[in-house]
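Colleague: Hi! Could you walk me through this one? I'm new to reading structures.

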Amino acid sequence: MAFISAIRERRLRRSPMNSANRNTLWSSIVAEELYRAGVRTICISPGSRSTPLVIAFAELRDRHDDLEILVHIDERSSAFFALGVAKMLMSPVVLLCTSGTAAANYYPAIIEAYYSRIPLVVLTADRPPELRDCGAGQTIDQINIYGKHVRYFFEVGVPEIIGFRLRYLRSLISRAVSIALGTGESPAGAVHLNFPFADPMSPIPIPTDIPEDLQLSSPEAILGNPNGTAYSPVIAGLRSLDTNAIANIANQIISHPQGVIVVGVYDAPLGFLEAVRQLARATGYPLLIEATGAHRRDEIGHYDSFLRSPNFCKTHIPDLAIRFGAMPTSKSYRLWLEQHIHCQQILVGNIYSDPTHGLTQHLNVDPVSFCEQLAHYLQEFAPAGWQSQQWRLDFELAETIAAQVIAKSLNDIDELFDGKVYAELAQILPANCDIFIASSTPIRDLDTFFHSDRPIRVLANRGANGIDGTISSALGAAWANRDRRMVLICGDLAFYHDLNGLLAAKKYHISLTIILLNNDGGGIFNLLPIAKYTDTFEEFFGTAHGLDFAPIAQAYECQFISIQNWQHFRESVQNSLSTKGTQVLEIKSDRQRNKDLHLQIWQQVIDACDPYFLLCYLGLAEKVIRRQEECK
């Protein structure tokens, strides 16, 4: 017995596991297995019930320099920060909180992760079953608390230190991370593991908790996979279509030369942009890209503006639309599709995302390989002269008209106008810069007015399209990629909604340029029909707040600058990009004036497009009349 105890003591001394008691050993295995599965970032919110896991992560960090732990007091801000990190790196980030309503504060970010397919591993501590539903403090029902918005949920169970249970624990962690990454049968997203712990929470030694012969009897339980990798990882390959399926799609395209390729809101995989450009050349289709989809160089980027032209929409009837990513932000594009609902749609890599409910094929394949396969087939086997050159030229003409009209309109505006912010940024932001754009008006204005020659990446929380957590997500993304400067553009309501997130900027010395568009309320509503109902509009929709954000930002040690004019704006942005820390550049404007300028610019685009495409419309009408006469 003494011999076995001596061996046990020596082996546990070599083992990195904390064997003070069952909770510490259980948690040490969880932390180690998460690290082996690829987790390098942990976001923790303080609390008592999660103590064993917190201690385990802290001890793991002592052994691994590349493991980073961030502590956020506010769970909602923590979750959106983790979302920003995972979005930037596309690697799993762990969230850890105590029991009770702390877990509920993760929910908005988990919903966003579900719809935007971002890998999060959510660990919630809980009281053991015997202390639930009996009046124990800080206890709620955490079983399936996130409903269908997580890819996987499991009630882990109270720690039990036997070989089989520890092997199960390692296998569970490996599986959860694989599911979060989307290497299983479902897309990437959040997974939720609920950890009940009974006392003690602290690493108080309880020798009877750990069997003396555990490491001898079940070395895999204590040491994990001998090769140092995850215990039971899931390895997935790329989904692709066979030659017959590619041929069928290619023939469909050849039969419908008047088509478009569209890139909506999209976290594009590596190599996608060149592949989709190759497909556009092979099909002859105009390539429509929104600002959050990919870098727009010579592609069609002003389609939201020129699709407001009634004559263009009447004369350009799409036969086929191939889309990557979510439905574009552009309402004009959606209305154009609905106007021509017979148009066949092919959605690649993002299935079941067609709010028009048109004739849709959903392809659950790798987008890059699909583009390359289809382009190669068309280049090799399509007949000569099948493309509609005029169709593409018309889109390029409309793009040129819209770009010129918008540029001239903005050049004539000297006042501080939200839309001009983006055109100015397109001129001054360097290539080693990223933009995080808030929902509501900012993302729409970015799509209309931001057109840069430099490959500036744009990130956004467009899964659920909410404004909550915007600051935290941008800070998380900026922290994750410290080699590039991040610019956040958000409205005043989005800024107000996540003021707690600024604590991370102060605590972790994150460099971020925040452009705060302050029109004192919900500017997006001024562009909606409800704005006509002046008796109720301002109270329920405009919601002016009258807040002075300067002292609030300064409380978080953020520099606050009130922009006076465009020269001041350009200088302030350039100075901020070369300054460490977080700066807030506030641009104040009038909501009604912003609305008037938006409508004025769109009308100028319509007025410029309609006369030319009226001729097309008249020519189309003549063809219809001749065909009717022939039928008679």
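Modeller: Happy to! Let's begin with a helix pair: H10 passes H15 in a right-handed crossing. Please keep in mind that this is a predicted model.

Colleague: Okay! At what angle do the axes of H10 and H15 cross?

Modeller: At roughly 65 degrees, and the axes come within 10 Å. To find the two helices, look at residues 243-255 for H10 and residues 367-381 for H15.

Colleague: Which residues in H10 meet H15?

Modeller: On the H10 side you'll see Ile246, Ala247, Ile249, Ala250, Ile253 and Ile254. They meet Phe370, Gln373, Leu374, Tyr377 and Leu378 in H15.

Colleague: And what's that contact like by class?

Modeller: The contact of H10 with H15 has 10 nonpolar residues, one polar residue and no charged ones.

Colleague: Nice. Can we switch to H4? What does H4 pack with at an angle of about 25 degrees?

Modeller: That's helix H6, residues 107-116, and the axes of H4 and H6 are 8 Å apart. Angles under 35 degrees count as roughly parallel, so H4 is roughly parallel to H6.

Colleague: Who makes the contact there?

Modeller: H4 brings Arg76, Ala79, Phe80, Leu83 and Lys87, while H6 brings Pro108, Ala109, Glu112, Ala113 and Ser116. By class, the contact of H4 with H6 has six nonpolar, one polar and three charged residues.

Colleague: Got it. What is phi of Met90?

Modeller: Phi of Met90 is near 50 degrees, which is a positive value in a residue other than glycine. Met90 sits in the loop between H4 and strand E3 (93-97).

Colleague: I also clicked on Pro200. Which residue does a cis peptide bond join to Pro200?

Modeller: Asp199, with omega at about 5 degrees. You'll find Pro200 in the loop between strand E6 (190-196) and helix H8 (214-217).

Colleague: New topic: holes! How many cavities of 30 Å³ or more does a search of the whole structure find?

Modeller: The search finds two. The largest cavity has a volume of about 60 Å³.

Colleague: What lines the largest cavity?

Modeller: Its lining is Asp418, Thr441, Asn519, Gly523, Asn526, Leu527, Arg591, Asn594, Lys595 and His598. Helix H22 (523-526) and helix H26 (591-631) are the elements that give two or more residues to that lining.

Colleague: Which of the elements gives the most to the lining of the largest cavity?

Modeller: H26 does, with four residues.

Colleague: And by class, what does the lining of the largest cavity have?

Modeller: One nonpolar, six polar and three charged residues.

Colleague: Thanks, I'll go and look at these spots myself!

Definitions and conventions:
Residues are numbered from 1 along each chain as its sequence is written. This is a predicted model: local features need pLDDT of at least 70, side-chain atom pairs count only at pLDDT 80 or more; totals for chains, interfaces and linings use all residues. Side-chain values use heavy atoms; hydrogens and water are left out. On a 1 Å grid over the protein atoms alone, a cavity is a set of points where a 1.4 Å probe fits but cannot get out, and a pocket is an open set with protein on both sides within 12 Å along at least five of seven lines; lining residues have an atom within 4 Å of a point. Grid points are joined across faces, edges and corners, and a volume is the space filled by probe spheres set on the points. Ala, Val, Leu, Ile, Met, Phe, Trp, Tyr, Cys and Pro count as nonpolar, Asp, Glu, Lys and Arg as charged, and the others, Gly among them, as polar. Axes are lines fitted to C-alpha atoms, for helices over the stretch in contact, and angles run from 0 to 180 degrees between N-to-C directions. Angles under 35 degrees count as roughly parallel, over 145 as roughly antiparallel, 65 to 115 as roughly perpendicular and the rest as oblique. Contact means heavy atoms within 4.5 Å. A crossing is left-handed if the near helix is turned anticlockwise from the far one by less than a right angle, and right-handed if clockwise.
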